[in-house]
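Reader: I am new to this structure and would like a close look at one part of it. Please take me through that part step by step, and then show what lies around it.

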Amino acid sequence: MTEICQRLPKVTAETFVVPLEEKRYLIYAPLRETACVGNARVVNHLMDCKEGSTRAADPAYEDLRNLFRVMGILDARAEPKPITRFKGTPEPTEVTLFLTTACNLRCTYCYAQAGDTAKKFMKPDVAFRGIEFVARNAARLGRDKFAVIYHGGGEPTVNWPTLTESHAFATTLAKELGIGFSSSTATNGVLRDSQIDWIVSHLNGASVSFDGSPELQDEHRPKVGGGGSSSQVIHTLTRFQEGGLPYGIRVTVTADHIPHLVESVKFICSRFKPKRLQVEPAYQMGRWKDAPSAETDAFIDAFREAQVAARALGQEIYFSGAKVGHLSNHFCGVTQDSFSLSPDGGVSGCFEVFAEDEKDADVFFYGHTDDKGQFQFNKKRLANLRAQTVDRHAFCSTCFAKWNCGGDCYNKSLKVNGSAEFQGSDRCHVIRELTKDQILERIAKAGGLAWLGDEESPEGKSAGKEFLL
Amino acid sequence: MKPDYQLKRVEEDSDDAMAEISSVSPSAGQNLTRRGLFASIVTAGAALVALTEPANADTAAQKKAKAKCKKKKGYKWDSKKKKCVKRSSSGGSYCSCNLVCTCDLVYY
Ligand code: SF4
């Protein structure tokens, strides 16, 4: 009896089964980064092993069990989970500065409703405080650099004086502390030539919102005084490219854009070589709250077609939720003490919640500066944000995409469901379909039968994997 | 609705008498409909045995480089390229807002 028990194989990986077409099942062990496609008998044999049934030792299935052993699904060492959790007082080494809520465009789908809300501008001393805090943290922690990111709520370059002064301040401070410093900005790309010159010569990167097709760009991203923005953004991208600035392009897809997505992606890929080309369905937030959803099957189909078109032109498109090859317990920095400063100096954990008078500000704003200019943190709010990791979302516990998706956007779930408990959204369907594509692609690329991971054997891989804690 | 993809028993029919691993066509990850892409079926047997054998074993020098790489913090061994590559961070931010994402340039 003992001998038989010892011989029975053991399931040693978190394994998911995803039904496919033609009565096939995708068998996926995310933490081993292995997968294959089999029929019902394959799945059920794995269940025999899990349940310790005597069929688990049937010699007819030995080859199959050997495959599962190579995949790390049977008889392998325990798999470590990619869990990062922050504790104690935040010690960020990167600051995101929400320089203004004002904007020179009036995008139809703006999540921030920039231009419709009260105009706020960050004063240089607020930026300096944030920069000094992260720079000194980086020096104390022995990091080789700190980072400053200029970001949303409006167009950061509209507050040009604070942008340039804070950059000069950071440069001087980095020299004084003897550490490096990197900086980048998000921008809508409607810039003066003198601004483009400055960005190319001072920043390490930029991320430009550009929807591709000039007609759609002009329709959805008009200038504040009227008229399209496409020609100016194309000019900016061309100058960034000529200047050798690493830049990314973010395409926002509204429901009416879906039929034209391939055309948009072709337009971009045939003219520009962004470091990353990100394609996202528009969020139904802000000005786009009541618009038709783009988180649909039509988007998934268009994304797949656009991916084929992008690859034909030597590029790749990305969607933020589908990240096979990246294992994590979080989608974004909101659980990781992400440190963003509002124009008034409040500390937000979310790039989308940029002012204290916004909805859900009481969830995402977790710090402020006191009279002495010191940052003070609200422990209760911080603890809630830190707890929003996928391993703590009951809703995600049985989703095959969880360690790649990381639990998606907490702000989005809050806005859609109005409940503090994470409950997913329509994006989940998009995430799962595109994640499934990436896994199948990995299997196909590995010869068609099984994806056995990108680096070492599953055993070695698990043993060697380190995660930051 | 809460998704459920846990490993559990699935219904078998007369086509499922044998355990079969299906071959995945290269276009399965990008096709609009996957019908016909799992057509080539390999019965558990020789093809699987081949799959479980080390195909592209490392040379002694590569083994040494791999061992060194495993000790190097922040790096991982890429067995396809046979070299030590920087590991992407599991921390950092990732924004999906309707503005734009600077994060990958900074964090990834
Ligand atoms: S349920 Fe949704 S948010 Fe959770 S892991 Fe799956 S796709 Fe991501």
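Author: A:His330 sits in the loop that runs between strand E10 (317–318) and strand E11 (340–341) of chain A. The model is a predicted one. With a relative accessibility of 2%, A:His330 counts as buried, since the cut-off for buried is under 20% relative accessible area. Its C-alpha atom is 9.9 Å from that of A:Ala387, a residue 57 places away along the chain.

The loop between E10 and E11 of chain A also holds A:Asp337. A:Asp337 is buried as well, at 7% relative accessibility. Its phi is near 60°, a positive value in a residue other than glycine. Most residues other than glycine have a negative phi.

A second residue with this feature is A:Asp360, which has a positive phi of about 65° although it is not a glycine. A:Asp360 belongs to the loop between strand E12 (347–348) and helix H11 (361–364) of chain A. Its relative accessibility is 14%, so A:Asp360 counts as buried.

Strand E12 of chain A contains A:Ser348. The relative accessible area of A:Ser348 is 0%, and the residue is therefore buried. Leaving out residues up to four places away in sequence, A:Ser348 touches A:Phe98, A:Ser338, A:Phe339, A:Ser340, A:Val353, A:Phe364, A:Phe365 and A:Tyr366. From A:Ser348 to A:Ser419 there are 71 residues in sequence and 19 Å in space, C-alpha to C-alpha.

One of the residues that A:Ser348 touches, A:Phe339, has a list of contacts of its own. Not counting residues up to four places away in sequence, A:Phe339 touches A:Pro92, A:Glu94, A:Val95, A:Thr96, A:Gly130, A:Phe133, A:Val134, A:Val347, A:Ser348, A:Tyr366, A:Phe375 and A:Phe377.

A:Phe339 is also part of the largest nonpolar core, which has 116 residues. Together with A:Leu26, A:Leu97 and A:Phe146, A:Phe339 touches the most other members of that core. Domain 1 (2–80 + 435–468) and domain 2 (94–377) of chain A both give residues to this core, so it lies between them. Apart from this core there is another, of 27 residues, among them A:Ile27, A:Cys36, A:Met47 and A:Ala450. In soluble globular proteins, nonpolar side chains tend to be buried together.

The two domains into which chain A is divided are domain 1 (2–80 + 435–468) and domain 2 (94–377). The contact between them takes 13 residues from domain 1 of chain A and nine residues from domain 2 of chain A. Taken over C-alpha atoms, the centres of domain 1 and domain 2 of chain A are separated by 40 Å.

Another buried residue of chain A is A:Gly212, with a relative accessible area of 0%. Its place is in the loop between strand E7 (205–209) and helix H7 (214–220) of chain A. Neighbours within four places in sequence aside, A:Gly212 is in contact with A:Ser264, A:Phe267 and A:Ile268. A:Gly212 and A:Ala420 are 208 residues apart along the chain, and their C-alpha atoms are separated by 36 Å.

Further along chain A is the ligand site. The residues around the ligand are A:Phe395, A:Cys396, A:Cys399, A:Lys402, A:Cys405, A:Gly407, A:Asp408, A:Phe422, A:Cys428, A:Ile431, A:Arg432 and B:Pro3. Because residues from chains A and B surround the ligand, the site is shared between chains. By class, this shell has eight nonpolar, one polar and three charged residues. Helix H13 (402–405) and helix H15 (427–445) of chain A each supply at least two residues of the shell. H15(A) gives the most, with three residues.

Chain B, to which B:Pro3 belongs, has three helices and four strands. From the N terminus on, its elements run β-β-α-α-β-β-α. Of the 108 residues of chain B, 41% count as buried. The accessible surface of chain B comes to about 6,100 Å², and 55% of that belongs to carbon and sulfur atoms. Among the contacts in chain B between residues at least 6 apart in sequence, 11% join residues at least 24 apart.

Definitions and conventions
Residues numbered from 1 in each chain as written. Chains lettered and ligands numbered in written order. Predicted model: local features only at pLDDT ≥ 70, side-chain atom pairs only at ≥ 80, totals over all residues. Heavy atoms only, no water. Buried < 20%, exposed > 50% of the residue type's maximum accessible area, 1.4 Å probe, protein only. Contact = heavy atoms within 4.5 Å. Areas by Shrake-Rupley, 256 points an atom, 1.4 Å probe, with all protein chains shown as cover. Near = heavy atom within 4 Å. Nonpolar A, V, L, I, M, F, W, Y, C, P; charged D, E, K, R; others polar. Core = buried A, V, L, I, M, F, W, Y, C linked by side-chain atoms within 4.5 Å. Domains from an automatic or database assignment.
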